[in-house]
Amino acid sequence: MDVDLEHLGEASSNHGPGSRGAEPIEATSPALPVEDGSPGVQDLEAEIQGWSCRHHGDLSFPSHTKILYQTIPRAVYTLMGGGAQLSSKTRTFSLLKLVFSVAALVEEPSVEDSEVDSGQYLTSSKFTQEAGTTDRQAEEKPKEKAPAKAKKPKLLNKFDKTIKAEIDAAEKLRKKGKLEEALRAFDALVQLHPQSPRARYGKAQAEDGLAEKLRSNDMLQKAISTYREAAELPDATADLLRAALKRRAERQQFLGRMRGALATLEKLTQVFPDDIGLKNDLGVAHLLLGDNKGAKRVYEEVLAVAPTDGFAKVHYGFILKSENRIAESIPYLKEGLESGEPGTDDGRFYFHLGDALQRVGDESAYHWYEVGHKHGHFASVWQRSLYNVNGLKAQPWWTPKETGYTDLVKALERNWKTIRDEALAGMDQKSGLFIPEEENLREKGEWGQYTLWQQGKKLATSCQSVPKTCSLLERFPEATGCKRGQIKFSVMQPGTHVWPHTGPTNCRLRMHLGLVIPKHGCRIRCTDQTREWQEGKVLIFDDSFEHEVWQEADSYRLIFIVDVWHPELTASQRQALSPI
């Protein structure tokens, strides 16, 4: 089958969405070249929530840093905003950016993100049960539908059958893990028989495996090129063409070459127009580029011919939710999850279905959170963060003594008037220092924020307006160095209600210092406990647990938010964790 792939997204440029972040050690490193309009990693927003792609492995949270090779290829398309809420600014999937997180190539073992241990707070969590409970819960979990047994692909054309013995010998080396020998064998076959699609495909597979073994992006790029060459040969079988291009697209995505991967998948769907799985993959490729319109069009086409396809349903429902079409999104998310099809049983879909149900006042939200918990996606019904470190103490409310950060708390409370006065001076400037909350967390009202530190980085221009506050905070690296948090002022006007939501990670705790607090009407709920702020006093809670805010006073509420590392994280973990 003759396919022209010469121009399938191999050019580079410096504009457009979609790239890949990586190593959680160096914060300012040059990125690898990116393809077809993909920006450098430094351009990515990192306060995001991940979204899993189909048929890939596990992945830790994305960062801003340099791209290194990892053996676990998994793309995530991500949604801006803490707690994976939807942006009200555009309400489109254009806010989605692709990022990859890869293991640091260092001798020390990297921090591994996983579901959290919910500690002593909620015994319903799977992580606090006695031995054997996990097996019981696994039995409760509906099994994903097994795909129909596929026929063995036909990779040999007429000519390749004449050199089958040589191909089999090279393939045997590859399957035994003797990748260098296999590559030499396949390369020799390609030199002898340049028109052999199977020999060239075997060479690509050997290069692919060797790239993984050597953790080499250069070798992986060779494999990507060789997959293309194999598919371009005029007598390639349909099965070989499909296998080569599908793997090529996956490896392009792994390197962050999203537009190239999209072009490869578009070609595949042109050659195999009736393949629903390829169409679904194409929809994901559009999402990875932030092209919600393109993805929506693809999933509408899929659902028109396969109205029960669960994978298309959950993704289409997610797109509707991103457009703030909350009620319309619910049946698609729900039916997609109920289908049990591969690629649907993912914590983010449970998260967004539950969130949508909460917003329409449907109590069944907690049923879906419970199902997500039983499937291992959430630590508990209440604690639904998705980017976590195992074994950390988990409870909604903390005392200063429990955190070990009593010096910070005392400093904040001793200097609260100075902090307040600098914030009020900034508010009086009316110069746009306080930016409206844009994560679509509000049901109604006005909520502004003024950020001083973001992801462990000081915003120098912001600190110019509040120099005493910033000088005070610089004494406390548990706050200023918290790459998974922020330090900011928050002002909330009367009549504001913040939807129930959760933060993205269990790696931080959140301190609230009351600065201007009306006598009545302002309160915050975390799980089933509701508290009120006091001027000059610090409240501490774990925002990976569900929380909700009401401002029903007759004047504004002003607080100072300081995120700190979870006290049980070690120094090496804090260093290795990627920013959020």
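This is a predicted model: local features need pLDDT of at least 70, side-chain atom pairs count only at pLDDT 80 or more; totals for chains, interfaces and linings use all residues.
In soluble globular proteins, nonpolar side chains tend to be buried together. The largest nonpolar core of this model has 42 residues, and those with the most contacts inside it are Leu408, Leu412, Leu473, Phe489, Met511, Phe560 and Val562. Helices and strands both contribute to this core: at least two residues each come from α16 (406-414), α17 (416-428) and α19 (467-473), and likewise from the strands β7 (447-454), β9 (486-492), β11 (508-516), β14 (538-541) and β16 (557-565). Met511 gives a view of these surroundings, for when its neighbours within four places in sequence are left aside, Met511 is in contact with Tyr405, Leu408, Val409, Leu412, Val538, Leu539, Ile540, Phe560, Ile561, Val562 and Val564. Apart from this core lies another one, of 35 residues, which includes Tyr201, Ala249, Leu265 and Val302.

**Aromatic pairs**

A pair of aromatic rings is described by the distance of the centres and the angle of the planes. Across the whole structure, a search finds 10 aromatic pairs. One of them joins Tyr201 and Tyr227, whose ring centres are 6.0 Å apart and whose planes stand at 55 degrees, so the pair counts as tilted. Because Tyr201 lies in helix α5 (residues 197-214) and Tyr227 in helix α6 (residues 217-232), this pair ties together parts that are 26 residues apart in sequence. Tyr201 and Tyr227 are both buried.

Another pair is formed by Tyr450 and Phe489, with ring centres 6.2 Å apart and planes at 20 degrees, so this pair is stacked. Here the link runs between strands, since Tyr450 belongs to strand β7 and Phe489 to strand β9, 39 residues apart, and both residues are buried. Elsewhere, ring pairs link Tyr366, Tyr369, Phe378 and Trp382 into a cluster.

**Salt bridges**

Side chains of opposite charge can pair when their charged atoms come close. A search of the whole structure finds 31 salt bridges, and the table gives three of them.

| Glu301 | Lys279 | 3.7 Å |

The salt bridge between Glu301 and Lys279 links distant parts of the chain, with Glu301 in helix α10 (residues 292-305) and Lys279 in helix α9 (residues 276-288), 22 residues apart. In the pair of Asp346 and Arg348, both residues are buried. Asp355 and Arg359 both lie in helix α13 (residues 347-359), where four residues, or about one turn of the helix, separate them, and both of these residues are buried. Salt bridges can also share partners, as they do where Asp208, Glu212, Arg247, Glu250 and Arg251 are joined into one network.

Asp309 sits in the loop between α10 and α11 (310-322), and its relative accessibility of 12% is below the 20% cut-off, so Asp309 counts as buried. Tyr299 is 10 residues from Asp309 in sequence, and their C-alpha atoms are 9.7 Å apart in space.

Gln551 lies in strand β15 (residues 547-551) and, with a relative accessibility of 1%, also counts as buried. A polar atom of the Gln551 side chain is 2.8 Å from the backbone oxygen of Ser555. Not counting residues up to four places away in sequence, Gln551 touches Met492, Gln493, Pro494, Gly495, Thr496, Gly521, Cys522, Tyr556 and Arg557.

How values were computed. Residues are numbered from 1 along each chain as its sequence is written. Side-chain values use heavy atoms; hydrogens and water are left out. A salt bridge is a side-chain nitrogen of Lys or Arg within 4 Å of a carboxyl oxygen of Asp or Glu. Buried means under 20% relative accessible area, exposed over 50%, partly exposed in between (1.4 Å probe, protein chains only). A polar contact is a pair of N or O atoms within 3.5 Å; within protein, one must be able to donate a hydrogen and the other to accept it, and residues adjacent in sequence count only if both atoms are side-chain atoms. Contact means heavy atoms within 4.5 Å. A nonpolar core is a set of buried Ala, Val, Leu, Ile, Met, Phe, Trp, Tyr and Cys residues joined through side-chain atoms within 4.5 Å. Rings of Phe, Tyr and Trp (its six-membered ring) pair if their centres lie within 6.5 Å; planes under 30 degrees apart count as stacked, over 60 as edge-to-face and the rest as tilted.
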